[in-house]
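Here is a short report on one model. Have the sequence and the coordinates open while you read.

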Amino acid sequence: SLKGAKVTFLLCDNYLPSCIMKTLRENVSLADNNKLNDELCQSCFNTGKTTIQKTKLEIIYLSKFLSSEEIIKIKDTVSKTSIDQIMKFKIEGIDIGEQVHASLCRYYAMENYSAETDLKKITKDYFFSALISYKSFLNIINLNKFDIILSNHGFYIPQGIVAKLAEKNKIDFVTWTSGARKNTFIFSHNKTYNKDIVDENVNEWKNINFEKIEIKIDDYLNSKVIGSEDYIYQKNKIDLDAKKYLQSKNIDHSKLMVGMTTNVIWDAQLHYDNTIFKNMMDWVFKTVSYFINRSDLNLIIRVHPTEVKADRPAREKVKNEILKVFPNLPKNIIIIDSSEIISTYKILDECNAILTYGTKMDIEYSARGFPVIAAGEALTKNKNLVFEPKDIEEYYLLLDKLPFTNKLDKKTQINAKKFA
């Protein structure tokens with residue numbers, strides 16, 4: 001607005017029965033959970049309206065752009081569409097089902113939500129919300145002719161629908177999220193941020209003056225151990241004595257260690273191109289199965305701490321899922337659970353190589369000079385910083401080469417620092 005643009009805020013006015021904000025709380029009845037979600041919805045609207053009104057800029061409301069006839073048609077579509085059909089549902093090439101699935105994963109805080117007692121109702125609610133979001137926002141952009149659309153996330157409901165409609169209608173859109181580092185934001189143009197970084201032009205960071213920023217990069221990488229410079233993952237209590245911890249696990253120190261870092265299972269379940277595993281747990285199971293027959297190495301599986309230390313703790317735990325498939329793990333496979341306060345960094349520093357799927361550890365440990373095998377939705381893809389197997393056979397061939405005899409060469413590590 002200060003630069004002469006006409007800025008309009010779009011606000012959901014308690015209009016969507018389900019959205020990115022709602023969640024299933026542990027140890028709360030469904031009735032109480034619904035009541036709490038309704039209160040959250042009202043609070044979200046009140047806070048948004050109060051805050052935006054102070055800017056004295058235009059506000060438009062989602063409910064004002066949908067006619068009663070359109071609502072009737074949407075309700076009819078919802079009533080006639082089965083759960084299986086919803087998951088495959090598309091309008092004009094926009095994958096509504098993907099956004100519903102991602103939103104359900106977020107709501108239930110688990111990927112496999114098929115046994116949930118209220119699944120049909122919640123799925124229909126999210127489907128209804130997705131269709132309302134689609135039709136309302138389509139009407140909005142047809143009436144207003146926006147030049148740029150700015151939205152947080154760019155996935156889930158309604159943000160994922162907004163981003164896809166902007167893309168389809170060739171409107172420039174920008175998605176944003178807060179960065180892990182304090183006082184930082186990530187802005188991505190015409191893509192969601194989690195996919196944008198994968199495909200970015202490497203010259204944007206390869207050509208930076210490294211000497212000017214090397215100390216700053218190293219200082220930040222070192223600060224990650226305790227999270228002193230982080231906005232999201234600051235550690236309040238952490239055990240830095242990795243050697244003592246590993247001794248308590250009776251690890252055979254005559255064998256080198258390979259570190260494996262997992263994601264939260266439910267987080268951001270969207271389709272990614274060119275992934276070689278069905279999902280993260282498919283990667284975990286196949287990797288564990290491989291290392292059962294590699295008694296010459298220790299596999300250290302570090303479960304992501306935010307599995308339990310988050311605003312919506314995961315209801316599907318990596319350790320539990322592993323033990324369901326492999327109830328009697330050999331001594332060379334050690335799981336460090338999400339609730340354990342041992343420093344991930346201090347553990348990985350003891351390892352010969354790092355295996356990742358979608359965590360940002362591929363960035364951090366390539367910048368630290370460690371060889372990394374990135375098997376999934378890695379931000380380091382296409383940048384020649386990590387090993388990127390093109391299929392499962394190549395992944396196993398890389399594992400066969402373990403332990404590696406060398407760390408990263410200096411040039412690759414410098415490029416990794418630049419990217420970091």
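## Basis

This is a predicted model, in which local features need pLDDT of at least 70, side-chain atom pairs count only at pLDDT 80 or more, and totals for chains, interfaces and linings use all residues. Residues are numbered from 1 along each chain as its sequence is written, and side-chain values use heavy atoms, with hydrogens and water left out.

## Helix α2

Helices are DSSP runs (H or I, at least four residues), numbered from the N terminus. Helix α2 covers residues 68–80, which is 13 residues. At 1.5 Å a residue it should span 18 Å; the expected span is 1.5 Å times one less than the number of residues. The end C-alpha atoms of α2 are 19 Å apart, which agrees.

E70, I74 and V78 are the buried residues of α2. Buried means under 20% relative accessible area, exposed over 50%, and partly exposed in between (1.4 Å probe, protein chains only).

## Nonpolar cores

A nonpolar core is a set of buried Ala, Val, Leu, Ile, Met, Phe, Trp, Tyr and Cys residues joined through side-chain atoms within 4.5 Å. The largest one has 53 residues. Those with the most contacts inside it are I96, V100, Y108, F127, Y134 and I149. The elements giving two or more residues to this core are α2, α4, α5 and α6 (159–168). α5 gives the most, with 13 residues. Apart from this core lies another, of 34 residues, among them I197, V198, L246 and Y345.

F127 touches T77, V78, T81, I86, F89, I96 and V100, not counting residues up to four places away in sequence. Contact here means heavy atoms within 4.5 Å.

## Cysteines

The structure holds 0 disulfides (pairs of cysteine sulfur atoms within 2.5 Å). C105 counts as buried, at 0% relative accessibility. C351 counts as buried too, at 6%.

## Loop residue T117

T117 is in the loop between α4 (96–108) and α5. With a relative accessible area of 76%, T117 is exposed. T117 and W176 are 59 residues apart in sequence and 34 Å apart in space, C-alpha to C-alpha.
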